[in-house]
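Here is a short briefing on a structure. Read it alongside the sequence and the coordinates.

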Amino acid sequence: MAEKFDVIVVGAGPSGNAAALRLAEAGLSVLQIERGESPGSKNVQGAILYSDALEKLIPDFRDDAPLERHVIEQRMWVLDDDSFVGSHYRSDSFNKEPYNRYTMIRAQFDKWFSERVQKAGALLICETTVSHLLLDGQRVIGVMTDRQGGEIYADAVILADGVNSLLAKKAGFHPEIKPKNVALAVKEIHFMPQELIEQRFGVKGDEGVVIEMVGKITKGMMGTGFLYTNRESITIGVGCMLSDFKNQKITPYELLEQMKAHPSIQPMLEGGEMKEYTAHLIPEGGFNAIPNLYGDGWMIVGDAGMFVNAVHREGSNLAMTTGMHAADTLIELKNEGEDFSAANLKRYKARLDESYVMKDLKKYKNMPDVFHTNPQFFNDYPDLISQAARTMLTVDGVDKKTKEKEIRKSFRQRRSLFGLMGDAFKLWRAFE
Amino acid sequence: MSVAVKVEEKLFQNRYKVDSGRPHISIIDADKCRNHCENHACTICCPAACWTLEGNGEVTVISDGCLECGTCRIVCDEHTNVAWEYPRGGYGILFKFG
């Protein structure tokens, strides 16, 4: 028996849920297929939720979404082996509703989001893996699942199947991802009493703190560490480019363990109980690595389309926004009586080009290459910065002018004057 | 700084529904791993230590503890020697928190 829907959405993460919600609200018949036992059970994120993208889809999400803490303080740390230099930004303006940023736990969040999608009228089937797309020539006409009589047909298929994007790859829509275009992140969640977290991070109620870290913790690899406060738990993790793990022969869980043992980090985990260890690839290839996003009867959204802004640590918001635009494209075409051919679906790409998604990714399009080819940003500079701070803060009878000279000398020894100027120029060009 | 790590202790905290006898990852050509691969990156980069370089030079994979990240598939870019599918629906890692 072959059923047919207007649209099949593969995956129930943020991009798939956004698309399915929008389509169902517009009255299209939507089947959403999820391989986990429930939405979220296969999904991993830090996780920070930026309100804006979700607000556009579910304006009242704050009423019942499982949110952990709203972020009132952002810390940026540069670490060497036994110290950190940091900046903290804390503002009471982040305490004014509606809050802009939250920590969240994805297994809970995705489940909640999916309930909203189902309420809107989409049909969800879980514990079902899509093995490949059904094609008629180049046109996608449905999916093959691992259920009995597994063929299901639709006028369009939205591929929200995550970073590995196996379905589009199998169909030959895009080549395999390269190790230099993905980061491998590992993390743990540590539970501890709410009061302990509030005491330790100087917060009360639902207030939260996030810490982003660079430096020796990544052993010169291009990457960052992070620590997020949830209500009754702390998430700690580290992610680096997969090509760097490969070239430097570093094992991810050893990297995480060493980071956890850092004298500036270890005390924050004291008294916690580790309850889960996760790993995930993050598509960080940026603008230049974005694959073909549409064709006859199909569109790619979310991580599968490389929609992550690595510089600003944004991903789930881009996922929701791309899911929304894919859905809106189909709704618009359906209303006009147009079909879902590639020629018409190019409107999806046009919508993205007009949105912050492509504008932001384009702005930073050279960033991945700059960092790939200039490891000093993750190696020499963190070291030099903490040396400089130590030199200036150690009172030992040496006058400050001599100390300044020492610092300048240490920078020029590690990077020539030309190198320093070049680095500044590269960063300026990449951020411009 | 050196820290002894037992990844098994980490994985022990996780929830899995193992699809016994139906591994979702396999090696396409064992000879390639043994005789043509120099770095065996899968054995280093896999965050769940599913891949092992045995004493006799053979590479083996046991995917029971797999976190389904895709690292082994992508890191094997010179040889593309990993057959990688998602587990059957409902099987594999079941994240409690994600």
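Helices (H or I, at least four residues) and strands (E, at least two) are DSSP runs, numbered from the N terminus. This is a predicted model: local features need pLDDT of at least 70, side-chain atom pairs count only at pLDDT 80 or more, and totals for chains, interfaces and linings use all residues. Residues are numbered from 1 along each chain as its sequence is written, while chains are lettered from A and ligands numbered from 1 in the order in which they are written.

**Confidence**

- The predictor gives the complex an ipTM of 0.96 and a pTM of 0.94.
- pLDDT is the predictor's confidence in each residue, from 0 to 100.
- Chain B has a mean pLDDT of 95. In that chain, 96% of residues reach 70 or more.
- Where pLDDT is low, the predicted coordinates should not be read in detail.

**Chain B as a whole**

- Chain B contains four helices and six strands. Their order from the N terminus is α-β-β-α-α-β-β-α-β-β.
- Its radius of gyration (taken over C-alpha atoms) is 14 Å, close to the 13 Å that the globule rule gives for 98 residues, so chain B is as compact as a globular protein of that length. The rule is 2.2 Å times the number of residues to the power 0.38.
- The C-alpha trace of chain B spans about 40 × 40 × 20 Å along its principal axes.
- Of the 98 residues in chain B, 40% are buried. A residue is buried if 20 or more other C-beta atoms lie within 10 Å of its own, exposed if 12 or fewer, and partly exposed in between, with C-beta atoms placed from the backbone.
- Two residues are in contact if their C-beta atoms, placed from the backbone, lie within 7 Å. Among the contacts in chain B with a separation of 6 or more, 68% join residues 24 or more positions apart.

**Where the chains meet**

- Chain A brings 46 residues to the contact and chain B brings 31 residues.
- On the side of chain A that touches chain B, at least two residues each come from helix H3 (106–119), strand S11 (182–191), helix H6 (242–248), helix H7 (252–260) and strand S15 (273–283).
- S15(A) gives the most to this side, with eight residues.
- This side of chain A divides into 19 nonpolar, twelve polar and 15 charged residues. Ala, Val, Leu, Ile, Met, Phe, Trp, Tyr, Cys and Pro count as nonpolar, Asp, Glu, Lys and Arg as charged, and the others, Gly among them, as polar.

**Positive phi outside glycine**

- B:Thr80 has a positive phi near 35 degrees. B:Thr80 lies in the loop between helix H4 (71–75) and strand S5 (82–84) of chain B. B:Thr80 counts as exposed because 12 other C-beta atoms lie within 10 Å.
- A:Arg313 also has a positive phi, of about 55 degrees. The loop that holds A:Arg313 runs between strand S17 (298–300) and helix H9 (316–336) of chain A. A:Arg313 is partly exposed, with 16 C-beta neighbours inside 10 Å.

**Cis peptide bonds in chain A**

- A:Gly46 and A:Ala47 are joined by a cis peptide bond, with omega about 20 degrees. A:Ala47 sits in the loop between strand S2 (30–33) and strand S3 (48–50).
- Another cis bond joins A:Glu97 and A:Pro98, with omega about -5 degrees. A:Pro98 is in the loop between strand S5 (84–90) and strand S6 (101–104).

**A buried loop residue**

- A:Asn230 lies between strand S13 (223–229) and strand S14 (233–241) of chain A, in the loop. A:Asn230 is buried, since 22 other C-beta atoms lie within 10 Å.
- Beyond four places in sequence, the contacts of A:Asn230 are A:Glu68, A:Arg69, A:Thr103, A:Ile105 and A:Thr235.
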